[in-house]
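Trainee: I am new to reading structures, and I would like to learn how to go from a general idea to a particular case. Could we take it slowly, feature by feature?

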Amino acid sequence: MHMKKKYWNMSCVAAVVLSLVTFTPLVIPQGVSKPMLGGIPYSLWTSFIITVALVVLTFIGTRVHPGMEEEEEDKS
Amino acid sequence: MIFWVWVFGLIYAGLLVMASLKSYKKGRSAEEFMMAGSNVGLSLGVLTFAAALFSTFTFLGMPDFFRVNGVGAWIFLAVSDGAMVFFLLWFGYQIRMKVKGMEFRGVSGLIGRCYGNKWAGYVFFLAAFLFLIPYVGIQIQGIAIFMEAAFPGSLPSWGWSLGIVLIMLIYAEIGGLKAIIFSDAIQGLLLLVVIWIIGWACLSHFGGIAPMFERVGNIQEELLSTPGPQGLLTPQFLFASLIAILMIPVTQPQFTTRIVVMKSMKTMQLMAVSLGAFAILVILPTIFIGMYGVDMYQEYGRDEFFANAFLYDQPNFVAALAIIGLIAAGLSTTNAQIFALGSELRGLLKGNENSIMTKTKIGIFVFSVIAFFFSIIVIDQLVLLARVSFAGTGIMGPMILLGILSNRKISSAIIYLSFVGLVIFLLSLADIIPDMYFGIRLDLLLFLVLGVIAIISHLTGKEHQLIREDDVKH
C-alpha cells in the first residue's frame, strides 16, 4: 500500500511536469518547425510523444492508484 | 450517393430503434431513466464518454482548426486530452468516493449538499446552462450546414435543425440515459471508422506524411509551428485551454454523470486509459484532413471546405457514411448535453418524484427548443465556441473541487465569487470589458484567482463537514 502510494505520487508529478513542459520553448519554440522527425514538424512530434506518455502514465496510474485497494477492502 | 445515404441511414436508424427498445422498460424508476441504473461497463463507458467528448467539434471543427492554425492544434486538443485522462483517474476516484452510499442527482444537487447551500447548485446550473446551450446550438447548426451541402435545395437549414432536435427529443424521452449511452456507442465506433477512412484518403492524396508536411510548408510555413499563421496558438492560449479541458470531467455535467454511473472503480479507471488511446486515434486523422484542406481549399470558407473535403472529393459510399457519421456524432453529443441539463435541473428540484420527473422532462424540452433557436442565430468557429464552453463551465471548477475534496466546514464565499467570475467572463465575451489584464488572458486569470481562493477557503475551514440532505438550506 505504502509503495503504491509512492508510485502514484511519482506518476502525478510526472504527469504535471510533462503537461507543463509542453508550454515551454522546449516543445513549442515559436515559429520553429525544425528539427523534423520523419518529415514531421518539431512541435508535432514532440507533443505527440508527450500525449502518448500521458496515456501510458494513466495506465500506470490504474495499476498503482491506492484507491483500488481501498475499494477491495470495502468489499471484503 | 443518395442510395448509400439510404442504406447507411436505415442501418443507423435501425440500430437506434433497437437501442431505445432495449432501454425502454415500463414502470422504470427515475434512477433507471436518468442514471442508467448506474451500471455501465467498460466498452460502453469508453464509447459513451468518447462520443460525448468527440462530436461535431472533432469531426468538422478539428480539421478546420488544423487547416487554419496548423500543427499546434494537436497540443490544443490531444495533449490536453492526454492530461485530462490522467486527471480523470484522480477526480473519478474522488467523486465516486464522495457519492458512495448516496443517490447522485447531478453535480448541482451534489454541490448544494457539499456546501449546505442551495446557491452553489444554482450558480453551477446557471453556468452549465449558459455555456452548454450555445455549444449544443452550434453543433446542430454544423449538421444542418452539412446536410444542406449534401442535399441542396431540399430543406432550409432551420428545417434540418428542427428535424435533429425532434429526433433527439423523441429518442431521449423513450430510452433515457441508457438509450443515449447505446447510441453513443454506435456513434463512437462510426466516428472512428469514418474519420479514418476520410483521413486516410486525404493522406493518400499527398503520398505519405513527410510529403504532406513538405507540401504544406511550401504553401505556408507558419502552419508547421506555433503560434500558427493567425498567431492564436500562443503558450498562454494553449495553457488556458489545457486548464479548461482538464475541468471537463468536473464541470461539464454529461461527463461527471458518466463517471458516476460506471459499474465500478476499476471499470472507471480502465475507461480513462482507453479514452486516452481513443483520443489519439480520433484526433490523428483530423491532421490529415486539415492539411488536405490547406493544399486544396486554403482560400475557401469553412462551409465550402467541409462540403468538398467530406463529400464531393470522396467516393459516394464514403460521403454517405460521412453524412450518417456526422448526424450520429452531433445527435449523441447534443443529446448527452441536453439530457445532462435535465439531470442537473432534477438535482435542484424538491418534492414528489413523479412531479420532479415531469418537470425534468419539460425542462429537457425547453432546453432543446432554446438550443434550436441558438442553432439558427449563432455564428462562430466550432472549435473556438467549444473552447468558450469548456472555459465558461471551467470557472466553476475550483468551487466544485473544493466542495468535493474538502472535509471541513467551508465558507460560502467561493460560491458568490464564482458567480462574480461567471459574470466577469460573460462581460468579456460581450466585449464590454477587456479579455486581457496585465498581459494575462481573463479566463486564465479567473481560474488562478478562484483556485487560490478555493485553497484559502479550505485552509481556513474549521470543523469536519457532515453531508446530509437536511443540511441544505431552503
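Mentor: Let us begin with a term: a salt bridge is a side-chain nitrogen of Lys or Arg within 4 Å of a carboxyl oxygen of Asp or Glu. Please keep in mind throughout that this is a predicted model.

Trainee: How many salt bridges does that rule give over all chains?

Mentor: By this rule the count over all chains comes to six. One of them joins the side chains of Asp295(B) and Arg215(B), with N and O 2.8 Å apart. Asp295(B) belongs to helix α13 of chain B and Arg215(B) to helix α9 of chain B, so this pair ties together parts that lie 80 residues apart in sequence.

Trainee: Which residues are linked in a network of salt bridges?

Mentor: Such a network links Arg387(B), Arg441(B) and Asp443(B). Arg387(B) forms a salt bridge with Asp443(B), and their closest N and O atoms are 3.0 Å apart. Because Arg387(B) lies in helix α17 (residues 382–394) of chain B and Asp443(B) in helix α20 (residues 442–460) of chain B, the pair ties together parts that are 56 residues apart in sequence. Asp443(B) also meets Arg441(B) through their side chains, in a salt bridge with an N to O distance of 3.2 Å. As for accessibility, Arg387(B) is buried at 5% and Asp443(B) is buried at 3%, while Arg441(B), with 22%, counts as partly exposed.

Trainee: Let us turn to the two chains. How many residues of chain B are in contact with chain A?

Mentor: Contact is judged by the distance between heavy atoms, with a cut-off of 4.5 Å. On that basis 39 residues of chain B are in contact with 39 residues of chain A. Between them the two chains bury about 3,300 Å², and 75% of that area is on carbon and sulfur atoms.

Trainee: Which elements of chain B give two or more residues to the side that touches chain A?

Mentor: These elements of chain B are α5 (73–99), α9 (209–219), α10 (235–246) and α13 (265–297). The largest share, 12 residues, comes from α5(B). Sorted by kind, the residues on this side of chain B divide into 29 nonpolar, seven polar and three charged.

Trainee: What are the counts of salt bridges and of residue pairs in polar contact between chain B and chain A?

Mentor: The number of salt bridges between chain B and chain A is zero, but the rule for polar contacts finds three residue pairs across the interface, with both residues at pLDDT 80 or more.

Trainee: How many disulfides does a search of the whole structure find?

Mentor: In general, a disulfide is a covalent bond between the sulfur atoms of two cysteines. Here the search finds zero disulfides over all chains. The cysteines can still be read for accessibility: Cys12(A), at 21%, counts as partly exposed, and Cys114(B), at 0%, counts as buried.

Trainee: Next, the backbone. Which peptide bonds are cis?

Mentor: The angle to read is omega. The bond from Lys34(A) to Pro35(A) is cis, with omega near 5°, and Pro35(A) sits in the loop between α1 (2–21) and α2 (42–64) of chain A. The bond from Thr226(B) to Pro227(B) is likewise cis, with omega near 5°, and Pro227(B) is placed in the loop between α9 and α10 of chain B.

Trainee: Which residues other than glycine have a positive phi, and where do they lie?

Mentor: Asp431(B) has a positive phi of about 65° although it is not a glycine, and Asp431(B) is found in the loop between α19 (413–429) and β1 (436–437) of chain B. Phe438(B), also a residue other than glycine, has a positive phi near 50° and lies in the loop between β1 and β2 (440–441) of chain B. With relative accessible areas of 68% for Asp431(B) and 80% for Phe438(B), both residues are exposed.

Conventions. Residues numbered from 1 in each chain as written. Chains lettered and ligands numbered in written order. Predicted model: local features only at pLDDT ≥ 70, side-chain atom pairs only at ≥ 80, totals over all residues. Heavy atoms only, no water. Buried area = accessible area lost by both parts, 1.4 Å probe. Polar contact = N/O pair within 3.5 Å; in protein donor to acceptor, adjacent residues only side chain to side chain. Helix = DSSP H or I, 4+ residues; strand = E, 2+ residues; numbered from the N terminus. Nonpolar A, V, L, I, M, F, W, Y, C, P; charged D, E, K, R; others polar. Disulfide = S-S within 2.5 Å. Buried < 20%, exposed > 50% of the residue type's maximum accessible area, 1.4 Å probe, protein only.
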